[in-house]
Amino acid sequence: MSLTELSAAELLQRLRSGEVSATDAAKACLDRIEQVNDRVNAIVRVDRAKVLEDAGKVDQKRAAGQPVGALAGLPVVVKDLLCTQGEPTTCGSRMLRDFSPPYDATAVAKLRSADGVILGKANLDEFAMGGSTESSIFGPTRNPWDTSRVAGGSSGGSAAAVAASLAPLAIGTDTGGSIRQPAGLCGITGLKPTYGRISRYGLIAFASSLDQIGPMAHSAEDCALLLEVLAGHDPRDATSVDRPVPQYRESLITPLKGLKLGVVKDHFGAGLDEEVAAAVERAIDVYRSLGAEIRDVALPHGRYGVATYYVIAPCEASSNLARYEGVHYGYRTDEGQLLAELDAERKQLLAAGDKRAAENLDTALVRMYRKSRSEGFGPEVKRRIMLGTYALSAGYYDAYYVKALKVRRLIRQDFDRAFEQVDLIVGPVTPSTAFKIGEKTNDPLAMYREDLYTVTANLAGIAGIAFPCGQSKAGLPIGVQLQSPPFQEETLLRAAHQFQMATDWHKRRPALEK
Amino acid sequence: MSPYTVIIGLEVHVQLATESKLFCGCSTAFGAAPNTQICPVCLGMPGALPVMNRKAFELSLRTAAAINCQIARFTKWDRKQYYYPDLPKGYQISQYDLPFSHDGWLEISDPKGKFEPKRVGIIRAHLEEDAGKSMHDERAGLADSQIDLNRTGTPLLEIVSQPDMRSPAEAKAFLSELKLLLTYLGVSDCNMQEGSLRVDGNINLHIDTPGGKVATPIVEIKNMNSFRAVERALAYEAERLYEVWQETGQKLGDVPKQTRGWDDAANVTRGQRHKEESSDYRYFPDPDLVPVTVTDAVVEQVLASLGEMPVALRTRLETEFGLSAYDSDVLVNQGRALVDYFLHVATATGDGKLASNWLQQDVLRMLNERNWDIAAFPVTAPALAVLLKKVQAGELITSRAREVLQAMIDTGRSADEVMREKGIEQVDETELVALCQELVAANPKVAEDFKAGKMQAIGSLVGQAKKKNPNVNPGRVRELLIEALGKL
């Protein structure tokens, strides 16, 4: 078995025993990337020399008998939405194609101080806006199980990197399902922690009140390992929560007997693919056999989740993305061309005798903003900026933004009530398996419906995990989702781990042969 | 009688004197080289997040409490969105519908009686971050704009008054009193040149017409860079508004609110370029920051820690030390340190009037001359008190005491040391009697003139006495001379 086929926990054991060096592990991953990345386009940037240098440092530390971090020598892929000091951090956008932040995201800094080896940056939907990783300037990421299909998104690069065995661990971000949906479609395990569990400092914001960083890996055990490193309060993020970080791995083996699992009837209604429904039902049976008690719960406002999300997220995005205007950093339109264009327009207007229009022409500054933003952002990002700008405008604010906030509160109340009766809620991750590349690019609403089962967790600020529970006849992975009350990641990871002890879906790997 | 009433409201922006910025750890010191006090947070770089500076919030609470505002128990941060190159995030973090304080007042008065004492209402005070500075070089062919972001993120307190002021003088008094208060609180250095205090004014007129009162459109005036400029700009604008009304008859609501800039050199306000669309700032709560809750205990603590504010101090100087309203105003307006100096001297000598006179005529004159503040004044309050006690005891006449004070300032020595050096000592009474008798005997002509009723003849003898012994008290010499001459 190749090193890249191992789970993070298995690889870590070999690194610790000295059987494998960090350099060996890094080389294996780098070679694998070289072999198959062009087929999946999961990773957008690798600096081979730097990776080997970082891995070498970990080996030296170990050789010198110095204490090493929890991830010592484990290769990790990071979504290209998290700042890495001195290295390009693009958000998959033309706007930031040449942007290198002078600082690490807190999550990245924690990875480094735990002696994790950052292997490269993962592809994503532009500014994390999308569910298919098709809108990146680096082109679409392909699903390792069927390269004609999407890997999901927006953390599609991270999910595909793990699924294709390019790296045992990846970091993704989840604003409306962006970790769980691609994890489900790629047959891996992905956790969206509670809002505030992991610092957002250095995570380039899409929708600040919804964004959350999380681990992606083959198994719940591997996610637990990475979450232990990433979680915790950060004085640089006012929304990060100051409460102790449990040793998530320690409670994984506690049996599930007596665990109460909630099932929401609405989640199995119209719109859910039959194969997906059947696989999730079988997963519920597995839980029954593990001693869990299954109960019906209701989330009556869940059906407004997508509509609510597509008001709040664009509102915040329109504000968060205002800073990209070509003045301070990032993409700026060609100034010479801009001035020539303005001059020509002025002359044309004056020649036509329209002095007033000539006077009202954009100033060079305003035209620079307009052109830089028009050229720097792709269509989905522009669509969301426009939606958000509209919804926050005078006269519409109460009807859209304020109303959405009220529904958001009701959605949270639904969860609070449900969690009075059950420990976790179980259900599908996505309505169907991975769709074809290009299938939904011209139908934004169909794409938004991908978030049906995942957005409510972000709106409520609770935690959720997705992991594989079956395969379609076409051989595509099917995922199941568990959701927990805030800060119950321990229970989520334990429930996922127990499932993985009883099944082998998480051990299956796609055959990515040339 | 003016045919109209001027209605003025002010909007004051005060930079708070914190070491670091409102949402990051960068220094707020003024005058550093451009773009040297910056970090990813105040530059609004991707992924950087703001964290509130507790100190700035505390200073704001103190200020709001001192202007008698209600302190909100729950307050939050909002984003005010607009594009400008010196606003790197594309929005300013401010407070919109739930400011941390509201509904207060500030008392103003004029010791010379230009207007009746009154309370000017405060609508709200809220905290926000400052923008950077744009510098435009508009010389022909050199069109060049540069941006300095050192100021970006400096805590700014915005105080909005009710339109309660009825003259430019009242507006100036409001600003002076506010500035004094802020200085007493130690929350701002209020330097208008450095931009740590900025003022915009809103003004219109209520005109008496045969058909009743008519309100003119409201004009906002910007770019007033000194208190004097505020007074002059408002006075100018009031007249201009009246002229415009006479010409056009425009009433409030007939035209949109206009913004005008004060041109200090030309002494006029000028209309500023009008934006076609009204600005929509699309305020919404900043999701990067958490709301702030303030407990009753914190409010009580803030109120208890305020100390004596200028209004209370003026009253105390008048009632406890018998000062006139004018004198207490002069002293209190000099700031707390000078008042403390006064309090020491007045208490030690038991004579507030005497202390006030010496402070105003001698100490303040010297401070102005040398451009010192009271902390730099070489004569401490106890040292001045020693000198004044000698005057009270008749050991020194005022003019000699002034001489002594000057020497104390120049040399830093005590009153006793200076007097010893200068050979100033009290002359024994018997010595003085002998001197007078001697002078009377030696000047028969003076005695003759005196007898003839020419009192001024004594003057020359007093002069001679001072020449023989500079330490003599001329008043006492005069008395003794009259006594001696009378005996002849």
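**Contacts between chains, domains and helices**

Mentor: We begin with the predicted model, in which 24 residues of chain B are in contact with 34 residues of chain A.

Trainee: How do the residues of the side of chain B that touches chain A divide by class?

Mentor: Contact here is judged by C-beta atoms within 7 Å. On that basis 24 residues of chain B take part. They divide into five charged, four polar and 15 nonpolar.

Trainee: Which elements give two or more residues to the side of domain 1 of chain A that touches domain 2 of chain A?

Mentor: Domain 1 of chain A comprises 3–241 + 258–265 + 420–507, and domain 2 spans 307–395. In this contact, 24 residues of domain 1 of chain A meet 20 residues of domain 2 of chain A. By class, the domain 1 side has 13 nonpolar, seven polar and four charged residues. The elements in question are α15 (444–448) and α16 (455–460) of chain A.

Trainee: What separates the centres of domain 2 and domain 3 of chain B?

Mentor: The domain assignment places domain 2 of chain B at 308–421 and domain 3 at 429–487. Taken over C-alpha atoms, their centres are separated by 34 Å.

Trainee: At what angle do helix α7 and helix α9 of chain B pack?

Mentor: α7(B) covers residues 336–349 and α9(B) residues 381–392, with axes 9 Å apart. Among the residues that meet are Y341(B) and H344(B) in α7(B), and L384(B) and L388(B) in α9(B). The contact holds eight nonpolar, three polar and one charged residue. The crossing is right-handed, and the packing angle is about 35 degrees.

Methods: Residues are numbered from 1 along each chain as its sequence is written. Chains are lettered from A and ligands numbered from 1 in the order in which they are written. This is a predicted model: local features need pLDDT of at least 70, side-chain atom pairs count only at pLDDT 80 or more; totals for chains, interfaces and linings use all residues. Domain bounds come from an automatic or database domain assignment. Two residues are in contact if their C-beta atoms, placed from the backbone, lie within 7 Å. Ala, Val, Leu, Ile, Met, Phe, Trp, Tyr, Cys and Pro count as nonpolar, Asp, Glu, Lys and Arg as charged, and the others, Gly among them, as polar. Axes are lines fitted to C-alpha atoms, for helices over the stretch in contact, and angles run from 0 to 180 degrees between N-to-C directions. Helices (H or I, at least four residues) and strands (E, at least two) are DSSP runs, numbered from the N terminus. A crossing is left-handed if the near helix is turned anticlockwise from the far one by less than a right angle, and right-handed if clockwise.
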